[in-house]
Amino acid sequence: MTKKRICACIAIAVIIGGVGILHLVNPVEHTIIPCLFYELTGIPCFGCGTTRCLYYLSRFDFGKAFRYHAYWVILSPLLLYWSGAEILNALTGRRLLPVFRRKWTVIFVLLAGLILYGILRWLFPVLRFGVL
């Protein structure tokens, strides 16, 4: 087995395990990962609401997921395709699905978008989780 295939198998296991944990444990009732920034300031950080958003996405409740973190709901189809294509291409050893050639540029743009979304949440409280 090649190194890419081993990494793809590990990625599949992590994704299945993560979705399984999110499907079993409700982060609205039981805090899985507390946010130190939010606890200290009362202002959501860039990632606040992500776990709850992913929980509701795993249950296909897009409305509630959007209320907790709209950025991840909007990006989830792109991220699902991208990760699925990378895993499929690594498992088969061929390029069956097109993927981004400049991965670091895409990652940089996605992170910049996340930071911009976080700043907008700070400036406009209506964008904070649970308010929409």
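Q: Which residues do ring pairs link into a cluster?

A: The structure is a predicted model, in which local features need pLDDT of at least 70, side-chain atom pairs count only at pLDDT 80 or more, and totals for chains, interfaces and linings use all residues. Residues are numbered from 1 along each chain as its sequence is written, and side-chain values use heavy atoms, with hydrogens and water left out. Rings of Phe, Tyr and Trp (its six-membered ring) pair if their centres lie within 6.5 Å; planes under 30 degrees apart are stacked, those over 60 are edge-to-face, and the rest are tilted. Ring pairs join into a cluster the residues Phe37, Phe46 and Trp122.

Q: How many aromatic pairs does this rule count?

A: The rule concerns the distance between ring centres, with a limit of 6.5 Å. Applied here, the count of aromatic pairs comes to seven.

Q: Is the pair of Tyr71 and Tyr117 stacked or edge-to-face?

A: Tyr71 also pairs with Trp72, at 5.6 Å centre to centre and 70 degrees between the planes, which is edge-to-face. For Tyr71 and Tyr117 the ring centres are 6.0 Å apart and the planes lie at 25 degrees, so this pair is stacked.

Q: Which helices hold Tyr71 and Tyr117?

A: Helices are DSSP runs (H or I, at least four residues), numbered from the N terminus. The pair ties together parts that are 46 residues apart in sequence, because Tyr71 lies in helix H5 (residues 70–92) and Tyr117 in helix H6 (residues 103–123).

Q: Is Tyr117 buried or exposed?

A: Buried means under 20% relative accessible area, exposed means over 50%, and partly exposed lies in between (1.4 Å probe, protein chains only). Trp72 has 22% relative accessibility and therefore counts as partly exposed. The relative accessible area of Tyr117 is 10%, so Tyr117 is buried.

Definitions and conventions
Helices (H or I, at least four residues) and strands (E, at least two) are DSSP runs, numbered from the N terminus.
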